[in-house]
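Work through the exercises below with the model in view. Try each task before reading its solution.

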Amino acid sequence: MAIINWNENLSVGVVEIDNQHKKLVGMLNDLSDAMKARKGNEVLGKIIADLLAYTKTHFAAEEKYFTKFGYPDTAEHKKEHAGFIQEITKFKADFDSGKISVSIDVMKFLSAWLQKHIKGTDQKYTKFFNDNGLK
């Protein structure tokens, strides 16, 4: 069962970024499914590593457009990105070292952060990006 179901309320009005968000949502759902199925740490570890790597790729894509178009909220948005990368990097390190496991609390954090970031912070740039020809 999906922890997040993609719907148009999550759309930012830019196909490329929506597709990246859909992939992130899918990866989070894969992590949730693997955790619920009590998959081994190797499987969970790979999904976490892939999620972290793809998140970095996605953030870089957004930030490329911030620079290209001179997005006025770039600094604050990038700060949110950096904070999330820091959190998930710490989580991955703790998971890899056996200090923590994937838990409901971790899944709730990831799910809540992603939804809040897309619906709040990301949707703020929809009109700006669309006005600059990015759709």
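**Exercise 1.** Are α1 and α2 roughly parallel or roughly antiparallel to each other?

*Solution.* Start with the ground rules. This is a predicted model, where local features need pLDDT of at least 70, side-chain atom pairs count only at pLDDT 80 or more, and totals for chains, interfaces and linings use all residues. Residues are numbered from 1 along each chain as its sequence is written, and side-chain values use heavy atoms, with hydrogens and water left out.

Step 1: locate the helices. Helices are DSSP runs (H or I, at least four residues), numbered from the N terminus. Helix α2 covers residues 41-69, and helix α1 covers residues 15-36.

Step 2: take the angle. Axes are lines fitted to C-alpha atoms, for helices over the stretch in contact, and angles run from 0 to 180 degrees between N-to-C directions. For α1 and α2 the angle is about 165 degrees, with the axes 10 Å apart.

Step 3: classify. Angles under 35 degrees count as roughly parallel, over 145 as roughly antiparallel, 65 to 115 as roughly perpendicular and the rest as oblique. α1 and α2 are therefore roughly antiparallel to each other.

Step 4: A crossing is left-handed if the near helix is turned anticlockwise from the far one by less than a right angle, and right-handed if clockwise. The crossing of α1 and α2 is left-handed.

Step 5: sort the contact. Ala, Val, Leu, Ile, Met, Phe, Trp, Tyr, Cys and Pro count as nonpolar, Asp, Glu, Lys and Arg as charged, and the others, Gly among them, as polar. The contact of α1 with α2 has 14 nonpolar, four polar and six charged residues.

**Exercise 2.** Which residues of α3 meet α4?

*Solution.* Step 1: set up the pair. Helix α3 (residues 74-96) and helix α4 (residues 104-121) pack at about 165 degrees, with their axes 12 Å apart. That makes α3 roughly antiparallel to α4. Their crossing is left-handed.

Step 1: read off the residues. From α3 come His 77, Glu 80, His 81, Phe 84, Glu 87, Ile 88 and Phe 91. Across from them, α4 supplies Val 106, Phe 109, Leu 110, Trp 113, His 117 and Thr 121. The residues divide into seven nonpolar, four polar and two charged.

**Exercise 3.** Follow the contacts of His 117 and Asp 122.

*Solution.* Step 1: His 117 is in helix α4 and is buried, at 3% relative accessible area. A polar contact is a pair of N or O atoms within 3.5 Å; within protein, one must be able to donate a hydrogen and the other to accept it, and residues adjacent in sequence count only if both atoms are side-chain atoms. The His 117 side chain makes one with the side chain of His 81 (3.3 Å).

Step 1: move to Asp 122. Leaving aside neighbours within four places in sequence, His 117 is in contact with Asp 122, among others. Asp 122 is in the loop between α4 and α5 and counts as buried, at 0% relative accessibility. Its side chain makes a polar contact with the side chain of His 21 (2.9 Å).

Conventions: Helices (H or I, at least four residues) and strands (E, at least two) are DSSP runs, numbered from the N terminus. Contact means heavy atoms within 4.5 Å. Buried means under 20% relative accessible area, exposed over 50%, partly exposed in between (1.4 Å probe, protein chains only).
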